Amino acid sequence: MEGNGIEHRTVRANGINFHLAEKGEGPIILFLHGFPGFWYSWRHQLHSFPSLGYRAVAPDLQGYGDSDAPADINSYTYFHVVGDLIGVLDAIGADKVFVVGHDWGALMAWYLSLFRPDRVKALVNLSVAFPPRDAMNKPVDTFRAFYGDEYYICRFQEPRAIEAEFAEIGIDKVLKYTLTLVPAAPFYLPKGKSLREQIDIPITLPSWLSEDELKCYVTQYEKTGFTGGLNYYRNFDLNWELIAPWAGSKVEVPAKFIVGDLDLTYNTPGFKENINFDVMKKHVPLLVDVVVMKGVGHFVQEEKADEINQLIYDFFRKF
(Lines give C-alpha, C1' and ligand atoms only; values in the text may rest on other atoms or scores of the structure.)
Protein backbone atom coordinates (compact mmCIF):
# COMPACT_ATOMS: atom_id res chain seq x y z
CA MET A 1 0.00 0.00 0.00
CA GLU A 2 1.55 3.28 -1.19
CA GLY A 3 5.24 2.52 -1.54
CA ASN A 4 7.40 5.26 -3.08
CA GLY A 5 9.79 5.39 -0.17
CA ILE A 6 7.28 5.33 2.68
CA GLU A 7 8.70 3.24 5.50
CA HIS A 8 6.57 1.33 7.97
CA ARG A 9 7.46 0.23 11.47
CA THR A 10 5.96 -0.54 14.86
CA VAL A 11 6.94 1.22 18.09
CA ARG A 12 5.91 0.51 21.67
CA ALA A 13 4.36 3.49 23.44
CA ASN A 14 2.15 3.90 26.49
CA GLY A 15 1.90 0.14 26.88
CA ILE A 16 0.64 -0.70 23.37
CA ASN A 17 1.99 -1.06 19.83
CA PHE A 18 1.70 1.70 17.25
CA HIS A 19 2.15 1.45 13.52
CA LEU A 20 3.96 4.39 11.91
CA ALA A 21 4.27 5.40 8.29
CA GLU A 22 7.13 7.81 7.71
CA LYS A 23 9.30 9.32 5.03
CA GLY A 24 12.05 11.92 4.75
CA GLU A 25 14.72 13.57 6.88
CA GLY A 26 14.64 16.83 8.78
CA PRO A 27 12.30 18.47 11.29
CA ILE A 28 9.43 16.13 12.12
CA ILE A 29 5.82 16.81 11.19
CA LEU A 30 3.43 14.54 13.08
CA PHE A 31 0.25 13.94 11.08
CA LEU A 32 -2.81 12.80 13.06
CA HIS A 33 -5.75 11.30 11.18
CA GLY A 34 -9.45 11.24 12.03
CA PHE A 35 -12.45 8.98 11.41
CA PRO A 36 -12.75 6.99 9.24
CA GLY A 37 -9.07 7.18 8.50
CA PHE A 38 -5.65 5.75 9.26
CA TRP A 39 -2.13 6.75 8.22
CA TYR A 40 -3.16 6.50 4.56
CA SER A 41 -5.31 9.62 4.94
CA TRP A 42 -1.99 11.54 4.82
CA ARG A 43 -0.53 9.79 1.76
CA HIS A 44 -0.23 13.06 -0.20
CA GLN A 45 1.54 14.79 2.67
CA LEU A 46 3.88 11.83 3.24
CA HIS A 47 5.01 12.16 -0.36
CA SER A 48 5.23 15.95 -0.49
CA PHE A 49 6.88 17.15 2.71
CA PRO A 50 10.10 15.11 2.47
CA SER A 51 10.91 17.04 -0.73
CA LEU A 52 10.53 20.24 1.30
CA GLY A 53 13.05 19.13 3.91
CA TYR A 54 10.82 17.53 6.54
CA ARG A 55 10.40 14.09 8.06
CA ALA A 56 6.72 13.20 7.78
CA VAL A 57 5.42 10.76 10.42
CA ALA A 58 1.83 9.47 10.35
CA PRO A 59 0.83 7.02 13.09
CA ASP A 60 -2.28 4.91 13.16
CA LEU A 61 -3.94 6.16 16.33
CA GLN A 62 -4.92 3.48 18.82
CA GLY A 63 -7.94 1.55 17.58
CA TYR A 64 -7.08 2.21 13.94
CA GLY A 65 -5.10 0.49 11.21
CA ASP A 66 -2.25 -1.71 12.38
CA SER A 67 -1.96 -0.14 15.84
CA ASP A 68 -3.35 -1.95 18.87
CA ALA A 69 -7.00 -1.51 19.77
CA PRO A 70 -7.61 -1.70 23.53
CA ALA A 71 -10.84 -3.51 24.37
CA ASP A 72 -11.84 -1.09 27.12
CA ILE A 73 -13.96 1.73 25.66
CA ASN A 74 -12.70 4.08 28.37
CA SER A 75 -9.14 3.72 27.03
CA TYR A 76 -9.87 6.18 24.23
CA THR A 77 -9.98 9.46 26.15
CA TYR A 78 -8.00 12.59 25.35
CA PHE A 79 -5.61 11.67 28.14
CA HIS A 80 -4.94 8.17 26.85
CA VAL A 81 -4.35 9.33 23.29
CA VAL A 82 -2.19 12.31 24.25
CA GLY A 83 -0.22 9.86 26.41
CA ASP A 84 0.12 7.64 23.35
CA LEU A 85 1.44 10.53 21.29
CA ILE A 86 4.01 11.53 23.90
CA GLY A 87 5.11 7.89 23.99
CA VAL A 88 5.42 7.80 20.21
CA LEU A 89 7.51 10.99 20.22
CA ASP A 90 9.78 9.50 22.87
CA ALA A 91 10.06 6.24 20.90
CA ILE A 92 11.20 8.04 17.73
CA GLY A 93 13.55 10.36 19.63
CA ALA A 94 11.59 13.53 18.93
CA ASP A 95 11.71 16.29 21.51
CA LYS A 96 9.54 18.92 19.82
CA VAL A 97 7.60 18.54 16.57
CA PHE A 98 5.28 20.27 14.15
CA VAL A 99 1.76 18.82 14.32
CA VAL A 100 -1.05 18.60 11.76
CA GLY A 101 -4.40 17.12 12.75
CA HIS A 102 -7.67 16.38 10.98
CA ASP A 103 -11.07 15.55 12.50
CA TRP A 104 -10.42 13.48 15.66
CA GLY A 105 -6.72 13.92 14.98
CA ALA A 106 -7.31 17.67 15.22
CA LEU A 107 -9.02 17.27 18.59
CA MET A 108 -6.09 15.20 19.83
CA ALA A 109 -3.67 17.78 18.46
CA TRP A 110 -5.49 20.58 20.32
CA TYR A 111 -5.24 18.64 23.58
CA LEU A 112 -1.65 17.58 22.95
CA SER A 113 -0.88 21.29 22.56
CA LEU A 114 -2.92 22.18 25.64
CA PHE A 115 -1.43 19.52 27.92
CA ARG A 116 2.13 19.44 26.55
CA PRO A 117 2.96 22.66 24.68
CA ASP A 118 6.63 21.92 25.37
CA ARG A 119 6.47 19.16 22.73
CA VAL A 120 4.80 21.19 19.93
CA LYS A 121 6.64 23.71 17.74
CA ALA A 122 3.56 24.82 15.83
CA LEU A 123 0.16 23.41 14.92
CA VAL A 124 -2.06 23.30 11.83
CA ASN A 125 -5.50 21.84 12.45
CA LEU A 126 -8.09 20.92 9.85
CA SER A 127 -11.89 20.76 10.14
CA VAL A 128 -12.31 20.65 13.94
CA ALA A 129 -11.77 23.85 15.93
CA PHE A 130 -10.71 23.98 19.57
CA PRO A 131 -13.82 23.29 21.69
CA PRO A 132 -14.01 25.40 24.87
CA ARG A 133 -15.61 23.38 27.66
CA ASP A 134 -19.28 24.06 28.39
CA ALA A 135 -19.32 23.86 32.18
CA MET A 136 -23.06 23.22 32.43
CA ASN A 137 -23.90 20.62 29.78
CA LYS A 138 -22.49 17.23 28.85
CA PRO A 139 -21.72 16.98 25.12
CA VAL A 140 -23.95 14.03 24.21
CA ASP A 141 -26.92 15.59 26.04
CA THR A 142 -26.32 18.76 24.06
CA PHE A 143 -26.15 16.90 20.76
CA ARG A 144 -29.40 15.06 21.53
CA ALA A 145 -31.16 18.25 22.56
CA PHE A 146 -30.17 20.06 19.36
CA TYR A 147 -30.34 17.27 16.79
CA GLY A 148 -32.20 14.27 18.20
CA ASP A 149 -31.32 10.61 18.60
CA GLU A 150 -30.51 10.03 14.92
CA TYR A 151 -27.67 12.56 14.87
CA TYR A 152 -24.56 10.58 13.95
CA ILE A 153 -22.70 11.18 17.24
CA CYS A 154 -25.76 10.01 19.19
CA ARG A 155 -26.08 6.94 16.98
CA PHE A 156 -22.44 6.06 17.68
CA GLN A 157 -22.89 5.92 21.46
CA GLU A 158 -24.26 2.39 21.99
CA PRO A 159 -21.39 -0.14 21.82
CA ARG A 160 -21.58 -2.56 18.88
CA ALA A 161 -24.95 -1.27 17.64
CA ILE A 162 -23.91 0.89 14.68
CA GLU A 163 -21.11 -1.55 13.88
CA ALA A 164 -23.70 -4.29 13.33
CA GLU A 165 -25.74 -2.03 11.05
CA PHE A 166 -22.65 -1.04 9.07
CA ALA A 167 -21.60 -4.70 8.71
CA GLU A 168 -25.03 -5.59 7.34
CA ILE A 169 -24.86 -2.83 4.74
CA GLY A 170 -21.22 -3.57 3.84
CA ILE A 171 -17.97 -1.90 4.88
CA ASP A 172 -17.20 -0.94 1.29
CA LYS A 173 -20.51 0.90 0.88
CA VAL A 174 -20.25 2.62 4.25
CA LEU A 175 -16.76 3.91 3.50
CA LYS A 176 -17.62 5.01 -0.01
CA TYR A 177 -20.59 6.98 1.33
CA THR A 178 -18.77 8.43 4.33
CA LEU A 179 -15.74 9.56 2.34
CA THR A 180 -17.71 11.16 -0.48
CA LEU A 181 -21.31 12.03 0.37
CA VAL A 182 -21.44 13.31 3.95
CA PRO A 183 -23.58 16.47 3.62
CA ALA A 184 -22.57 20.06 4.29
CA ALA A 185 -25.05 20.06 7.16
CA PRO A 186 -25.72 18.24 10.43
CA PHE A 187 -25.29 14.54 9.66
CA TYR A 188 -28.00 12.00 10.49
CA LEU A 189 -28.00 8.21 10.41
CA PRO A 190 -31.60 6.94 10.52
CA LYS A 191 -32.30 3.51 11.95
CA GLY A 192 -33.21 0.34 10.10
CA LYS A 193 -34.16 0.22 6.44
CA SER A 194 -33.81 3.98 6.05
CA LEU A 195 -30.09 3.79 6.84
CA ARG A 196 -29.52 1.21 4.10
CA GLU A 197 -31.50 3.34 1.67
CA GLN A 198 -29.37 6.37 2.57
CA ILE A 199 -26.02 4.62 2.19
CA ASP A 200 -26.58 1.84 -0.36
CA ILE A 201 -26.87 4.04 -3.44
CA PRO A 202 -24.86 4.36 -6.66
CA ILE A 203 -21.94 6.74 -6.07
CA THR A 204 -19.55 8.18 -8.61
CA LEU A 205 -16.19 8.73 -6.96
CA PRO A 206 -14.87 12.30 -6.96
CA SER A 207 -11.66 13.14 -8.78
CA TRP A 208 -9.66 13.16 -5.53
CA LEU A 209 -10.46 9.53 -4.63
CA SER A 210 -9.66 6.73 -7.06
CA GLU A 211 -11.01 3.17 -6.95
CA ASP A 212 -7.57 1.97 -5.86
CA GLU A 213 -7.42 4.52 -3.05
CA LEU A 214 -10.90 3.57 -1.86
CA LYS A 215 -9.84 -0.08 -1.95
CA CYS A 216 -6.98 0.72 0.46
CA TYR A 217 -9.50 2.08 2.95
CA VAL A 218 -11.83 -0.87 2.48
CA THR A 219 -9.05 -3.45 2.84
CA GLN A 220 -7.89 -1.88 6.11
CA TYR A 221 -11.37 -1.57 7.62
CA GLU A 222 -12.29 -5.10 6.61
CA LYS A 223 -9.39 -6.14 8.86
CA THR A 224 -10.14 -3.89 11.82
CA GLY A 225 -13.79 -2.92 11.68
CA PHE A 226 -15.02 0.45 12.96
CA THR A 227 -15.13 -0.12 16.73
CA GLY A 228 -11.75 1.44 17.58
CA GLY A 229 -12.59 4.68 15.82
CA LEU A 230 -16.14 4.78 17.18
CA ASN A 231 -14.84 4.42 20.73
CA TYR A 232 -13.48 7.97 20.50
CA TYR A 233 -17.07 9.23 20.10
CA ARG A 234 -18.13 7.08 23.07
CA ASN A 235 -15.83 9.10 25.32
CA PHE A 236 -17.29 12.56 24.70
CA ASP A 237 -18.94 12.69 28.11
CA LEU A 238 -16.04 11.09 29.98
CA ASN A 239 -13.65 13.56 28.35
CA TRP A 240 -15.94 16.39 29.45
CA GLU A 241 -15.67 15.18 33.04
CA LEU A 242 -11.91 14.66 32.94
CA ILE A 243 -10.94 18.01 31.42
CA ALA A 244 -12.83 20.04 34.06
CA PRO A 245 -9.55 21.15 35.72
CA TRP A 246 -8.49 22.69 32.40
CA ALA A 247 -11.68 24.72 31.92
CA GLY A 248 -10.69 28.14 30.63
CA SER A 249 -7.13 27.08 29.79
CA LYS A 250 -5.63 28.35 26.57
CA VAL A 251 -3.73 26.54 23.81
CA GLU A 252 -0.37 28.30 23.96
CA VAL A 253 1.31 27.20 20.71
CA PRO A 254 1.45 28.97 17.34
CA ALA A 255 -1.54 27.71 15.37
CA LYS A 256 -3.36 27.90 12.07
CA PHE A 257 -6.85 26.56 11.40
CA ILE A 258 -8.25 25.44 8.03
CA VAL A 259 -11.75 24.23 7.13
CA GLY A 260 -13.77 23.74 3.94
CA ASP A 261 -17.05 25.58 3.55
CA LEU A 262 -18.72 22.29 2.55
CA ASP A 263 -17.47 20.51 5.68
CA LEU A 264 -20.23 19.22 7.96
CA THR A 265 -18.39 20.83 10.88
CA TYR A 266 -18.40 24.27 9.24
CA ASN A 267 -22.14 23.96 8.69
CA THR A 268 -22.92 23.01 12.28
CA PRO A 269 -24.91 25.78 14.04
CA GLY A 270 -22.58 28.09 15.96
CA PHE A 271 -19.39 26.87 14.28
CA LYS A 272 -18.88 29.87 12.02
CA GLU A 273 -19.20 32.25 14.96
CA ASN A 274 -16.72 30.17 17.01
CA ILE A 275 -14.03 30.26 14.30
CA ASN A 276 -14.22 34.00 13.93
CA PHE A 277 -10.56 34.96 14.30
CA ASP A 278 -11.05 37.21 17.31
CA VAL A 279 -13.29 34.69 19.07
CA MET A 280 -10.96 31.75 18.45
CA LYS A 281 -7.92 33.77 19.47
CA LYS A 282 -9.36 34.11 22.99
CA HIS A 283 -8.78 30.37 23.41
CA VAL A 284 -5.77 30.03 21.10
CA PRO A 285 -3.85 33.28 21.72
CA LEU A 286 -1.02 32.44 19.30
CA LEU A 287 -3.48 31.77 16.47
CA VAL A 288 -2.11 33.25 13.25
CA ASP A 289 -4.83 32.57 10.70
CA VAL A 290 -8.22 30.99 10.02
CA VAL A 291 -8.65 29.79 6.43
CA VAL A 292 -12.04 28.83 4.96
CA MET A 293 -11.57 27.03 1.64
CA LYS A 294 -14.39 27.45 -0.86
CA GLY A 295 -16.02 24.38 -2.39
CA VAL A 296 -14.13 21.93 -0.17
CA GLY A 297 -15.66 19.26 2.07
CA HIS A 298 -14.54 17.38 5.16
CA PHE A 299 -11.52 15.44 3.88
CA VAL A 300 -9.69 18.61 2.96
CA GLN A 301 -6.14 17.17 2.98
CA GLU A 302 -7.19 14.65 0.34
CA GLU A 303 -9.60 16.81 -1.65
CA LYS A 304 -7.17 19.72 -2.06
CA ALA A 305 -3.82 18.18 -1.20
CA ASP A 306 -1.61 20.66 -3.06
CA GLU A 307 -3.32 23.71 -1.60
CA ILE A 308 -3.30 22.27 1.92
CA ASN A 309 0.36 21.31 1.64
CA GLN A 310 1.23 24.85 0.59
CA LEU A 311 -0.74 26.37 3.48
CA ILE A 312 1.00 24.05 5.96
CA TYR A 313 4.45 24.68 4.50
CA ASP A 314 4.03 28.45 4.39
CA PHE A 315 3.21 28.40 8.11
CA PHE A 316 5.80 25.91 9.38
CA ARG A 317 8.69 27.42 7.40
CA LYS A 318 8.51 30.45 9.73
CA PHE A 319 9.72 28.40 12.69
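Colleague: Before we start, what pLDDT do local features need here?

Modeller: Residues are numbered from 1 along each chain as its sequence is written, and side-chain values use heavy atoms, with hydrogens and water left out. This is a predicted model where totals for chains, interfaces and linings use all residues, side-chain atom pairs count only at pLDDT 80 or more, and local features need pLDDT of at least 70.

Colleague: Okay, which residues of helix α3 are buried?

Modeller: Helices are DSSP runs of H or I with at least four residues, numbered from the N terminus, and α3 covers residues 104-115. Buried means under 20% relative accessible area, exposed is over 50% and partly exposed is in between, with a 1.4 Å probe and protein chains only. For α3 the count is 12 of the 12 residues, so the helix is largely enclosed by the rest of the structure. By name, they're Trp 104, Gly 105, Ala 106, Leu 107, Met 108, Ala 109, Trp 110, Tyr 111, Leu 112, Ser 113, Leu 114 and Phe 115.

Colleague: How far does α3 reach from its first C-alpha to its last?

Modeller: The expected span is 1.5 Å times one less than the number of residues. For the 12 residues of α3 that gives 16 Å, and the helix comes close to it, reaching 16 Å.

Colleague: What is the geometry of the aromatic pair Tyr 54 and Tyr 313?

Modeller: Rings of Phe, Tyr and Trp (its six-membered ring) pair if their centres lie within 6.5 Å; planes under 30 degrees apart are stacked, over 60 edge-to-face, and the rest tilted. The structure holds 45 such pairs. Tyr 54 and Tyr 313 sit 6.3 Å centre to centre with 85 degrees between the planes, which makes them edge-to-face.

Colleague: And how many residues apart are Tyr 54 and Tyr 313?

Modeller: Both Tyr 54 and Tyr 313 are buried. Tyr 54 is in the loop between α1 (43-48) and β4 (55-59), while Tyr 313 belongs to helix α15 (residues 305-316), so the pair links distant parts of the chain, 259 residues apart.

Colleague: Is Phe 319 buried, partly exposed or exposed?

Modeller: Phe 319 pairs with Phe 315: the centres are 5.3 Å apart and the planes at 80 degrees, so that pair is edge-to-face. Phe 315 is buried, at 2% relative accessible area. Phe 319, at 47% relative accessibility, counts as partly exposed.

Colleague: Which ring does the charged end of Arg 133 sit over?

Modeller: A charge sits over a ring if NZ of Lys or CZ of Arg is within 6 Å of the ring centre and within 35 degrees of the ring normal. For Arg 133, 4.3 Å from the centre, that ring belongs to Trp 240.

Colleague: Which residues line the largest cavity?

Modeller: On a 1 Å grid over the protein atoms alone, a cavity is a set of points where a 1.4 Å probe fits but cannot get out, and lining residues have an atom within 4 Å of a point. The structure holds one cavity of 30 Å³ or more, and about 30 Å³ of space lies in the largest cavity. Its lining has three nonpolar, five polar and one charged residues. They're Gly 34, Pro 36, Gly 37, Ser 41, His 102, Tyr 217, Phe 299, Gln 301 and Glu 302.

Notes:
On a 1 Å grid over the protein atoms alone, a cavity is a set of points where a 1.4 Å probe fits but cannot get out, and a pocket is an open set with protein on both sides within 12 Å along at least five of seven lines; lining residues have an atom within 4 Å of a point. Grid points are joined across faces, edges and corners, and a volume is the space filled by probe spheres set on the points. Ala, Val, Leu, Ile, Met, Phe, Trp, Tyr, Cys and Pro count as nonpolar, Asp, Glu, Lys and Arg as charged, and the others, Gly among them, as polar. Helices (H or I, at least four residues) and strands (E, at least two) are DSSP runs, numbered from the N terminus.
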